[in-house]
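This briefing goes through a structure by topic. Please keep the sequence and the coordinates at hand while reading.

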Amino acid sequence: MNTATHRRWMIALLLAPALLWLAGLVILPHVELLLLSLQARVGPGEYAASLDQYRTFWEEPLYWNTFVRTAVISVLATALTLLLAFPAAWYIAKVARGQTKMLLLVLCLLPFWVSEMVRTLGWLILLRETGVVSSVLQLVGLADQPVELLYHDATILVGLVYASLLFMVIPLVNSLESLDDSLIEAAYDLGGSTANIVRRIVIPHAAPGIAAGCIVVFMLCLGNYLTPTLLGGKNSLWFTEQIYTQFITRFNWNQGAAFGFLLLFLSSALVWVGLKLTGQRFGAVMKT
Amino acid sequence: MPDTASAAAPDLEVQSASKRYGAFVAVDDLSFGVRRGSFFSILGPSGCGKTTLLRMVAGFIEPDAGDLRIKGASMRGVAPNRRPVNMVFQHLALFPMMSVGQNIAYGLERRGVKSGTAKDRVRDMLRRVGLPGSEDKRIDQLSGGQKQRVAIARSLVLEPALLLLDEPLGALDLKLREHMKVELKQLQAEVGTTFVYITHDQSEALVMSDQVAVMNHGRFEQVGSPQQLYYQPKTAFVAGFVGNSNRFEGRIEQRNGERVLLRSAGGLALWAQRVGAVDVGQAAQLFIRPEAIDIGRNPGELPAGEPAWSAKVQSVLFDGGNSTVQVLEDRSQALLHIALPLTGRLSDLRAGETVHFAYQPSQAWCFAEA
């Protein structure tokens with residue numbers, strides 16, 4: 001065997017686990033789901049090709065509303081996360097030095113040492129009617145009866161932002177760290193105000209990092225099941241819940257598969273629109 | 001009357017400015033003025049405080065004490081974006097997210113100059129720095145020298161009272177650096193803006209400047225024209241830092257007016273001009289430039305009337321116009337660098353040969369040991 005074929009075999013061998021993973025656990029189930037979503041039950045145990053599942057989605061306002069609502073709250077959560085994460089990332093990347101920097105990054109990471117379930121249950125303890133926040137409010141006299149802070153849209157938003165913060169902070173810190181301080185000084189020297197420097201120098205430089213963070217956070221929010229269900233309760237109307245209901249409660253796999261594909265389409269379309277609007281290229285974003 | 005007063009006033013006046021970082025004194029009670037329209041360089045080794053000083057003028061660092069006046073107005077508490085100075089950064093700090101034209105227009109837009117006017121001024125500025133029509137180029141399409149010019153254009157377009165330059169030639173290769181030195185000096189003469197230039201490279205400072213301040217440990221050792229620094233150094237540091245020198249340590253044995261005789265540890269006795277108070281019995285150091293020493297194969301080639309020594313050539317360091325020989329003086333075994341004559345008279349000199357050398361005591365300086 002010559003060295004060229006030898007090398008080729010080595011590469012194939014090294015790539016094999018990843019390719020098997022991709023084919024077996026990502027591509028195959030998705031093809032299966034796509035086929036399922038394009039079928040309708042016509043009799044007991046009988047299925048025929050049809051677009052009924054997608055038509056149901058279109059014709060049933062509940063599904064349609066849930067879909068739009070999920071998208072809007074996810075976009076809102078992403079925007080809020082960006083607003084909260086940017087100053088934090090700026091401080092970590094540009095102001096903090098040495099040990100403080102490490103400590104701050106670890107602080108961002110710390111909540112993730114606990115499972116998402118436990119973290120979300122923590123929010124329940126804080127926010128329920130008999131919870132910590134409600135008790136404190138009554139104690140200081142800001143409320144004269146127990147306050148129910150759970151099961152609002154705002155609660156869902158808080159939970160989503162909390163769960164996503166790290167995934168926004170990390171790419172932002174990375175992209176801000178590569179910004180040369182002398183660029184900021186030069187802009188300042190040339191008469192730029194802080195607001196102008198942020199707009200003309202900092203944000204354009206950090207744009208790939210901002211886009212990367214937004215994509216990750218948006219997808220995490222859109223596909224989140226636990227947080228909206230636990231914090232939003234029955235009112236949450238999250239699209240992943242509809243998928244769960246179809247698969248598990250209704251046992252309607254065809255409908256569930258169609259919903260799954262609609263969600264996939266939604267996230268891809270919104271990411272594409274986002275990249276187009278901000279003039280970012282996907283390749284540059286993925287590098288950060 | 002106020003007009004003549006302001007015309008005579010220097011563009012930059014630093015009045016007992018100080019800055020310390022903990023126990024380290026970066027700028028130590030410094031006062032100086034920079035004449036309008038001049039090219040002023042601050043020359044010093046790294047860590048001498050020159051960058052701190054420049055950043056103080058730019059406004060990025062507040063002095064602990066003292067004042068800074070630009071065109072007569074105190075700059076205490078004035079932010080960098082409100083000062084009539086602009087800076088060319090060490091690594092230029094051009095904005096990579098903007099085109100060449102946008103880079104230069106940035107400062108104009110901040111001042112609210114109308115975009116039509118700004119465009120004209122950008123075009124005019126680019127022509128003046130020799131890059132006409134490059135408004136739409138990206139920064140990464142430019143060569144090192146072109147970036148340099150854009151960085152200078154970006155600052156000059158704002159017509160600052162002072163242009164500060166922080167070792168902007170450091171990143172360039174040798175040939176381009178030589179070229180840019182000449183270009184910068186010509187540009188300064190053309191625009192007439194006062195330049196304050198900091199560098200650790202003495203050649204940059206000597207070639208371009210009207211006035212050079214040699215800085216060490218947060219203080220100016222000497223301020224003067226390049227010729228004054230080279231021919232009349234006032235301190236041992238200046239004599240050692242500007243140009244090349246042979247340095248000898250020893251004690252003063254005799255004094256004859258302003259001439260002193262220093263005997264080195266190896267026993268070499270050398271006459272020199274004394275600078276400052278240095279007298280018989282004191283420890284002192286003596287400097288002679290390699291180019292101030294005459295060298296020949298026999299004593300007859302040397303100018304008559306001065307003491308001469310014989311020495312053995314240890315190595316020949318050929319470097320075109322800057323060629324020197326290292327010689328060991330026969331009796332004291334002292335090591336000296338001597339410049340080779342530019343006429344090529346000694347171009348066949350080889351290691352091991354015996355040579356004779358002499359110098360004029362008026363071209364050697366003796367300073368008290370610090």
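The model is predicted. Chain B has 9 helices and 20 strands, and 38% of its 370 residues count as buried. In the contact between the chains, 16 residues of chain A meet 17 residues of chain B.

**Chain B as a whole**

- The C-alpha trace of chain B spans about 75 × 45 × 45 Å along its principal axes.
- Among the contacts in chain B with a separation of 6 or more, 64% join residues 24 or more positions apart.

**Open sheet of chain B**

- Five strands of chain B make an open sheet in the order β15-β19-β16-β17-β18, with antiparallel pairing.
- The edges are taken by β15 (293–296) and β18 (335–339) of chain B; each has a single partner strand, so one side of each is left without a neighbour in the sheet.
- On average, neighbouring strands of this sheet are turned by 45 degrees against each other, direction ignored.
- β16(B), residues 308–317, pairs with β17(B) in the antiparallel sense over 6 bridges.
- Within that pairing, S315(B) stands opposite Q326(B) of β17(B).
- β16(B) and β17(B) form a hairpin with 6 residues between the strands, and G320(B) in the turn has a positive phi of about 55 degrees.
- β17(B), residues 324–329, also pairs with β18(B), again in the antiparallel sense, over 5 bridges.
- Q326(B) stands opposite H337(B) in β18(B), and L328(B) has L335(B) of β18(B) as its bridge partner.

**Helix pair α3 and α5 of chain B**

- The axes of α3(B) and α5(B), the latter covering residues 144–156, come within 7 Å and cross at roughly 30 degrees.
- Angles under 35 degrees count as roughly parallel, which makes α3(B) roughly parallel to α5(B).
- The crossing of α3(B) past α5(B) is right-handed.
- From α3(B), the residues V100(B), N103(B), I104(B) and G107(B) meet V150(B), A153(B) and R154(B) of α5(B).
- By class, the residues in the contact of α3(B) with α5(B) are 4 nonpolar, 2 polar and 1 charged.

**Helix pair α7 and α9 of chain A**

- α7(A), residues 153–177, packs on α9(A) at an angle of about 160 degrees, with the axes 8 Å apart.
- Angles over 145 degrees count as roughly antiparallel, which makes α7(A) roughly antiparallel to α9(A).
- α7(A) and α9(A) cross in the right-handed sense.
- The residues that α7(A) brings to this contact include L160(A), F167(A), M168(A), P171(A) and L172(A), and those of α9(A) include A206(A), I210(A), V216(A), V217(A) and L220(A).
- The residues of the contact of α7(A) with α9(A) divide into 14 nonpolar, 5 polar and no charged.

- Most residues other than glycine have a negative phi.
- K71(B) is not a glycine, yet has a positive phi of about 50 degrees.
- K71(B) lies in the loop between β4 (65–70) and β5 (73–74) of chain B.
- With 17 other C-beta atoms within 10 Å, K71(B) is partly exposed.
- L92(B) has a positive phi of about 70 degrees and is not a glycine either.
- The loop that holds L92(B) runs between β6 (85–88) and α3 (100–110) of chain B.
- L92(B) counts as buried because it has 21 C-beta neighbours inside 10 Å, where the cut-off is 20 or more.

**Contact between chains A and B**

- The contact joins 16 residues of chain A to 17 residues of chain B.
- On the side of chain A, the elements that give two or more residues are α8 (181–189) and α9 (194–222).
- The largest share of that side, 7 residues, comes from α8(A).
- The side of chain A that touches chain B has 7 nonpolar, 6 polar and 3 charged residues.
- α9(A) gives residues to this side of chain A and also packs with α7(A).

Technical notes:
Residues numbered from 1 in each chain as written. Chains lettered and ligands numbered in written order. Predicted model: local features only at pLDDT ≥ 70, side-chain atom pairs only at ≥ 80, totals over all residues. Contact = placed C-beta atoms within 7 Å. Helix = DSSP H or I, 4+ residues; strand = E, 2+ residues; numbered from the N terminus. Nonpolar A, V, L, I, M, F, W, Y, C, P; charged D, E, K, R; others polar. Buried ≥ 20, exposed ≤ 12 C-beta atoms within 10 Å, placed from the backbone. Axes fitted to C-alpha atoms, helices over the stretch in contact; angles between N-to-C directions. Parallel < 35°, antiparallel > 145°, perpendicular 65-115°, else oblique. Left-handed = near helix turned anticlockwise from the far one by under 90°. Pairing = 2+ DSSP bridges.
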